[in-house]
Each structure stands twice: as C-alpha cells, then as structure tokens.
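Hi everyone, thanks for making time for this. I'd like to walk you through one model, so let's get it up on the screen.

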Amino acid sequence: MAALWWRRRRLPGAAGLCRTARALSGKPEYDLLVIGGGSGGLACAKEAAQFGRKVAVLDYVEPSPQGTKWGLGGTCVNVGCIPKKLMHQAALLGSALKDAQRYGWNIAHPVHHNWSEMAQAVQNYVKSLNWGHRVQLQDKKVKYFNVKGSFSDPHTIRGLTKGGKETILTAEKIVIATGGRPKYPTHVAGALEYGITSDDLFWLKESPGKTLVVGASYISLECAGFLTGIGLDTTVMMRSIPLRGFDQQMASLVTEYMESYGTKFLKKCIPTKVEKLESNRLHVTWKNTDSGTEEADSFDTVMWAVGRAPDTKALNLEAVGVKTNSETGKIIVDASEATSVPHIYAVGDITEFTGELRISTLELDIFDNVII
C-alpha cells in the first residue's frame, strides 16, 4: 500500500478537476480516503496511517433483502469466515460427542443442539470484533464514518448516514474496497421474497430447520456441511458440477464425503419457483435437466448460494471515469491496483486485472528458491 504515496501519474485533463476540488477547501481534507471497512479497506487504512498520513474510512452496510445488517469488519468478520468457522466448530463438537461414547464417556441420550444459544454466542463474538476494529482505527488515528459514500468528483466523496444526513469529504487519494454481496436468482419466482443468503444465515435467531441450499460453490457446501453437522435435514441443489473452477477429483471427494455424513444432493436440477404455504413452509419446484421432469418438495428455509456481485452500483463511478467491466461490474485495475483514474485505487473482490503482470527479478529468485 505504500506505493500509493509515490505514484504521481495524472490523466489528461485531470489537473483541472483537481484544482476544482482544491478550490473548495484549499486542499483535500485527507491524504487517503478508504471506502469500505472490510479486510482490504481496514488493512490499507491502518498501513497508510503508520506512514503518518491523514486517513479516513467510510463503511456502511446496506441491509439484505431480508433486513439483516451488521457492523464494521466486512464480510469475513460478520457473514463469512469467522461465523462460518465457529458454526463448523459447533458441528465438530457434535461429532466428537458421538465418538466419545466409544472411548468410555457416558453421554446422555438423545443429544440435542440449540441453534439459538449457538447463534447468540457467535453473534456476541462477532460484535466484539466489530468493536475491536473501531478501537484499532481510533488507536491509529484513522477517522471512521458510518456513511454510504459515492463520488461527487475525482477527489470528493458524498457520504449519507442512515438518517439522510450528508457529509462531504475530500482526499488526495481514494481506495475503493467495498467487496461483494450475494446474488439472488431474480428469474426464479419467489426467490427474493422467501429466500435467504449467507448474509442472513449467521444472524438467524431461530434454527433454519429443513434447509435447501441452492448452488454448488464453496460457500454453499461449507454452509450445508455445518448445517448437516448440527443435525439439520440439509439438501444441496446444483445445476451442473460442484466447486466449479476447483480440481474436480477433489470436488468429487468433497461431495462424496458430505453425502456419507448425511447431506443430500439434487444433481442437475434448476429451481423454477418458490411458494410460501399456509404452514409458513416453502414449497420449491425444480426441473431435473437430465430427465426433463418437474419435481417439488417443502423446506423450512431456502438459501441461495449462486454467486456474488461487486458492491459498486451506488459509488457513481461513471461520473469520475473509473472503468468497470460492463458484464461483471468489477473495477478494472492494473498491477498496482490503480483504476483508470490514477489517484483512485481498488482492492479485493471488486477488482478485475486485465493488464500484463510484471514480476521482478527478486520475486523470481524467491519463487525459484521455493520450487527448489
């Protein structure tokens, strides 16, 4: 991240824009402004602050379609790696209880799992991490704003609070680190109204019960794995192959292992409709692409794990000339993580590298030593 401070390239015509921004307040208020308080944004902000720069972080979580929201720390802390690993630990403890009987431990039967107690413990731990991140920013003298940011000009960000209060911030350099959010299959009737995603699963107060997880990504299989592990009736629906992009021999071993532990798989199936019954259960209809038949079943919860999209729509990137891939919405960056506007950078899941990656002689030497 230190490279941010030494790059001084300018786009043709950008100098005029810079003077306009500076004319409003003499000079930018911050040396660096980071939009997004996840892993990449927080690491960047704290590192820059150690170089003595004046830094601010903007972070705002748009509630999921089901109304779930969380604090500072991004996907990994709130609705990703951390709660997922804790819930996997809950599943592993359940397996250990079963094994313990063979080693002489007297375990009362039947063994029950209480979702609400687990969820409360996980959520309390996540909230402690949210607070910890705020303390770290304060300790490093990084200013934190809980506002939703968008570009007004190449050096100016307009921030809005939940209540609609406006804050205008200017910076010499800006880093975009807004991450991604789960996709909904909006072509499936009832998907948005009745389904949840990984944005919601870890914050459910009550057990999801009999669950259908749609998708064969690693997020899908990880969630299905711990749901099965804590004793829930769990089914994975996948349209083609599991873990696309991964080694398929290993992917097959993963799904075979999951099946042996009780996770069900609906292979070569595509959901077509989700309806809510009077019992509040969800009636899901799908098509089997192998047989061409239509099938259906009822579930307590339907979770979509069909991919993620970069959270960039609200940034007003077009107004400042930041180029994106029109198909994916990802921000195009070079090998230094610079966008098409040299003082604006982007890091993490929202980026797409399209240029030529140059590896230094030192990096090649390190690589050769590792191979040897």
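Before we look at two packed helices, a word on how their angle is defined: axes are lines fitted to C-alpha atoms, for helices over the stretch in contact, and angles run from 0 to 180 degrees between N-to-C directions. Please also keep in mind that this is a predicted model.

Let's begin with the whole chain. It holds 10 helices and 18 strands. Of its 372 residues, 43% are buried. If you take the contacts with a separation of 6 or more, 61% of them join residues 24 or more positions apart.

How confident is the predictor? The mean pLDDT of the protein chain is 90, with 88% of the residues at 70 or more. Two stretches need some care. Across residues 1-25, pLDDT stays under 50, although the model gives them 39 contacts beyond four places in sequence. Residues 359-372 are also below 50, and there the model has two contacts beyond near neighbours in sequence. Where pLDDT is low, the predicted coordinates should not be read in detail.

Now to those helices. H4, residues 81-100, packs with H8, residues 218-229, at an angle of about 35 degrees, and their axes are 8 Å apart. The crossing of H4 and H8 is left-handed. On the H4 side, the contact is made by Lys-84, Met-87, His-88 and Ala-91; H8 brings Glu-222, Gly-225, Phe-226 and Gly-229.

Staying with H4, which of its residues are buried? They are Pro-83, Lys-84, Met-87, Ala-90, Ala-91 and Ala-100. These buried residues pack against H3 (74-79), H5 and H8.

At the start of H5, a side-chain oxygen of Asn-114 comes to within 3.1 Å of the backbone nitrogen of Ser-116. Along the helix, the buried residues are Trp-115, Met-118, Ala-119, Val-122, Gln-123, Val-126, Asn-130, His-133 and Leu-137. After H5 comes Lys-141, with a positive phi near 65 degrees.

That's my tour, and I'm happy to go back to any part of it.

Notes:
Residues are numbered from 1 along each chain as its sequence is written. This is a predicted model: local features need pLDDT of at least 70, side-chain atom pairs count only at pLDDT 80 or more; totals for chains, interfaces and linings use all residues. Side-chain values use heavy atoms; hydrogens and water are left out. Buried means under 20% relative accessible area, exposed over 50%, partly exposed in between (1.4 Å probe, protein chains only). Helices (H or I, at least four residues) and strands (E, at least two) are DSSP runs, numbered from the N terminus. A polar contact is a pair of N or O atoms within 3.5 Å; within protein, one must be able to donate a hydrogen and the other to accept it, and residues adjacent in sequence count only if both atoms are side-chain atoms. pLDDT is the predictor's confidence in each residue, from 0 to 100. Contact means heavy atoms within 4.5 Å. A crossing is left-handed if the near helix is turned anticlockwise from the far one by less than a right angle, and right-handed if clockwise.
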